[in-house]
Amino acid sequence: MKQYVFYMALGFMLGGLMFSQWLPKLLTGTDIRALSGDGNPGAFNVFRHCGAALGLLCLSLDLLKGFIPVYIALGRLDAGSALFAPVMAAPVLGHALSPFERVGGGKCI
């Protein structure tokens with residue numbers, strides 16, 4: 001049980017990394033939340049306001065932050081267990097309810 005909780009926490013924390021907000025600010029000085037009509041720091045808004053290269057980088061990192069904890073957990077936990085479902089959901093929840101952002105996270109599209 002402790003192992004499942006560990007991977008849930010890992011997935012939640014990695015999911016909370018807001019690459020689509022931080023990278024445009026760091027690399028171009030662009031505040032994606034301010035530019036987007038919906039206030040969402042998503043990869044689509046990075047594509048729209050910062051271009052394809054940065055949009056692809058943010059999209060790739062968003063995909064990896066969900067893939068990595070689940071992939072690691074697959075090698076160590078029973079994927080057939082009902083407890084594995086929260087391990088898979090944790091990065092999505094972390095993205096929506098980022099522990100690193102006061103205003104929340106992404107839309108989880």
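**Group meeting: side-chain contacts and cores in a predicted model**

Searching the whole structure turns up one salt bridge, meaning a side-chain nitrogen of Lys or Arg within 4 Å of a carboxyl oxygen of Asp or Glu. Before the details, a word on the source: this is a predicted model, where local features need pLDDT of at least 70, side-chain atom pairs count only at pLDDT 80 or more, and totals for chains, interfaces and linings use all residues. Residues are numbered from 1 along each chain as its sequence is written, and side-chain values use heavy atoms, with hydrogens and water left out.

The salt bridge joins the side chains of Lys65 and Asp62, at 3.3 Å from N to O. Both sit in helix α5, three residues apart, so about one helical turn separates them. Helices here are DSSP runs of H or I with at least four residues, numbered from the N terminus. Lys65 is buried, and Asp62 is too. Buried stands for under 20% relative accessible area, exposed for over 50%, and partly exposed for what falls in between, with a 1.4 Å probe and protein chains only.

Now to Arg33, in helix α3, residues 32–35. The side chain of Arg33 does make a polar contact with the side chain of Gln21, at 3.0 Å. A polar contact is a pair of N or O atoms within 3.5 Å; within protein, one must be able to donate a hydrogen and the other to accept it, and residues adjacent in sequence count only if both atoms are side-chain atoms.

Gln21 brings us to helix α2, residues 19–28, whose buried residues are Phe19, Ser20, Gln21, Leu23 and Pro24. The cover over these buried residues includes α3, α4 and α5. After α2 comes Gly29, with a positive phi near 75 degrees.

Next, the nonpolar cores. Such a core is a set of buried Ala, Val, Leu, Ile, Met, Phe, Trp, Tyr and Cys residues joined through side-chain atoms within 4.5 Å. The largest has seven residues: Tyr4, Tyr7, Val70, Ala73, Leu77, Phe84 and Val87. Helices α1 (2–15), α5 and α6 (84–96) each supply at least two residues of this core. Leaving aside neighbours within four places in sequence, Leu77 is in contact (heavy atoms within 4.5 Å) with Gln3, Tyr4, Tyr7, Phe84 and Val87. Another core lies apart from that one and has six residues, among them Phe19, Ile32, Val46 and Cys58.

Last, the aromatic pairs, of which the whole structure holds three. The rings of Phe6 and Tyr7 have centres 5.0 Å apart and planes at 80 degrees, so this pair is edge-to-face. Rings of Phe, Tyr and Trp (its six-membered ring) pair if their centres lie within 6.5 Å; planes under 30 degrees apart are stacked, over 60 edge-to-face, and the rest tilted. Tyr7 is buried at 7% relative accessibility, whereas Phe6, at 49%, is partly exposed. Phe67 and Tyr71 have ring centres 5.2 Å apart and planes at 20 degrees, so they are stacked. They are four residues apart in helix α5 (residues 52–74), about one helical turn. Phe67 is partly exposed at 48%, and Tyr71 is exposed at 54%.
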